[in-house]
Amino acid sequence: MSFRTINPATGKLVEEFSLQSDEQVFAALTKADRRYHEDWKHRSVAERARIVGRAAQILREKRDEYAKYPIVEMGKVTRYSYLEVDLVADILDYYAKHGEKLLGPQSPPGEPGATVVAEPIGVLLAIEPWNFPYYQLARVAAPQLVAGNVVMMKHAENVPQCALAFARLFEEAGAPEGVYTNIFCSIEQVAKLIDDFRVRGVALTGSERAGASVGERAGRNLKKAILELGGSDPAVILEGAPLELAVEQCVMGRTFNSGQGCVNIKRVIVVGKERGQKMLAALKERFQALKIGDPTDETTDLGPLASERALKGLLEQIDGAKAAGARIVYGGKRVDRPGFYLEPTIITDIAEDNPLYQQEAFGPVLSFYVVNSEEEAIELANATKYGLGAFVFDADVEHAKKVASRIESGMVYINSCFVDSPGLPFGGIKNSGFGRELSELGIGEFLNRKLVRVANVG
């Protein structure tokens, strides 16, 4: 096993990085633990925030450099790579500017003499995926470094240059060695790190299987874990929804980042047979018009999947759904060109016993359903083991909010495919995991909320 840059647009190996030895990994842990106890936790919030704020500034200054790595390593379309860089800079800025307020002492109402203070807990281990190779890191690093924790980051094996670039960002910003540490380690080494008492918390974004494994191990070691796992995010198109808006947003929500997002729209559920037929025809027309191509081409709409493995997995899912009786409305095949390209795909007639009914398709594969009533739409939206994001479309926003309140998910977006912001919490329920990242909730996940009680001795 090694960390390798393979360009998904060509399938060619670009660069390879060796795994670190156990000695190197645990020497890094020793350094991080010492830095936390002897230095970082003792600095003021303002001082830590200045370094994180400086990282945001450097990222903006080197925007072109940082945008190129996700394009080469996971095939991200150029304009989306710039969007990710800009969002990450905003996240770093958010915690740099608001950290002191978010971490300020609190006075419980009705409890005179009592104060709850926020203190860091130590070394955190973060295990992050490739699909948003900076954003996933920033969701952990930005809040936790401001809070006074230190972070050891194990990134995905196919984005090593992104991992190294993000580590350089904090080094250039003035973070001392051990505050943010990139490690090229194996799954077995991750397990040993979780077992080590010096690691006090674990954050993972990844598959359901990976989350179960990490959560189990963290639990055995009595350590808190934050898990952001998969999703089968439904878009419910109500009877009053403007179809043109719904089509536009569902195309973007399914194909953004080549469909490789936890909160991409995965399932479209339309209320009404006639409206369903119209929307399906419009979606097919829009999918046909998408330009598949080189992610560096500014006119490209859909780039490659991140790896050969990802492409093969989706093709197997499509074949399995078809074999179980589903109908391929459009796409479903590998594109005949170098690299890991899949045609944007629409699948319908998916019965409850079809494997795709419960699976997450992590790519530009859209499941399409038509139901007769709003009640059926809500029931179908909830008929999944996942509960990350959901979407409701309706001209009557107040009614859409009522429907949103009945959907089992951590997040619901009304009349848009996705609007992210550093000040909004991100996370899910059910098999999509637990805990929150970003916002005030995200910075609070790995804090010791210590009670200080002054007795009345007067």
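Q: What share of the 458 residues of the protein count as buried?
A: In this predicted model, 56% of the 458 residues count as buried. The cut-off is a relative accessible area under 20%.

Q: How do you know that the radius of gyration agrees with that of a compact globule?
A: For 458 residues, the globule rule gives a value near 23 Å, and the protein has 23 Å, so the two agree. Along the principal axes, the C-alpha atoms fill a box of roughly 75 × 60 × 40 Å.

Q: What makes up the protein in terms of helices and strands, and how far apart in sequence are the residues that its contacts join?
A: There are 14 helices and 19 strands. Of the contacts between residues at least 6 apart in sequence, 73% join residues at least 24 apart.

Q: What can be said of the accessible surface and the charged side chains?
A: The accessible surface comes to about 19,100 Å², and 51% of that belongs to carbon and sulfur atoms. The protein has 54 positive and 61 negative side chains, with the centres of the two sets 2 Å apart.

Q: How do you know that the span of helix α2 agrees with its number of residues?
A: Helix α2 covers residues 45–61, which is 17 residues, and at 1.5 Å a residue these should span 24 Å.

Q: Which residues of α2 are buried, and against what do they pack?
A: The buried residues of α2 are Val45, Arg48, Ala49, Ile51, Val52, Gly53, Ala55, Ala56, Ile58 and Leu59. They pack against α3 (63–74), α4 (78–102), α5 (135–147) and α6 (160–173). As background, an α-helix has 3.6 residues a turn, so residues three or four places apart point the same way.

Q: Why is leucine 222 called exposed?
A: Leucine 222 has a relative accessible area of 76%. Exposed means over 50%, so leucine 222 is exposed. This residue is found in the loop between α8 (208–220) and β8 (224–228).

Q: What is noted about the phi of leucine 222 and of serine 439?
A: Leucine 222 has a positive phi of about 55° although it is not a glycine. Serine 439, also not a glycine, has a positive phi of about 60°. Most residues other than glycine have a negative phi.

Q: Why does serine 439 count as buried?
A: The relative accessibility of serine 439 is 4%. Buried means under 20%, so serine 439 counts as buried. Serine 439 is found in helix α14, residues 439–443.

Q: Why is glycine 428 called buried, and what does it touch?
A: With a relative accessible area of 5%, glycine 428 is under the 20% cut-off and is therefore buried. Its place is in the loop between β16 (411–414) and β17 (429–430). Not counting residues up to four places away in sequence, glycine 428 touches Gly387, Leu388, Gly410, Gly433, Phe434, Gly435 and Arg436.

Q: What makes alanine 321 a buried residue, and where is its place?
A: Alanine 321 has a relative accessible area of 1%, which is under 20%, so it is buried. Its place is in helix α11, residues 308–323. Leaving aside neighbours within four places in sequence, alanine 321 is in contact with Ala326, Asn354 and Leu356.

Technical notes. Residues are numbered from 1 along each chain as its sequence is written. This is a predicted model: local features need pLDDT of at least 70, side-chain atom pairs count only at pLDDT 80 or more; totals for chains, interfaces and linings use all residues. Side-chain values use heavy atoms; hydrogens and water are left out. Helices (H or I, at least four residues) and strands (E, at least two) are DSSP runs, numbered from the N terminus. The radius of gyration is taken over C-alpha atoms; the globule rule is 2.2 Å times the number of residues to the power 0.38. Buried means under 20% relative accessible area, exposed over 50%, partly exposed in between (1.4 Å probe, protein chains only). Contact means heavy atoms within 4.5 Å. Accessible areas come from the Shrake-Rupley method with a 1.4 Å probe; for residues, only the protein chains shown count as cover. Lys and Arg count as positive and Asp and Glu as negative; His and the chain ends are not counted. The place of a charge is taken as NZ of Lys, CZ of Arg, CG of Asp or CD of Glu. The expected span of a helix is 1.5 Å times one less than its number of residues.
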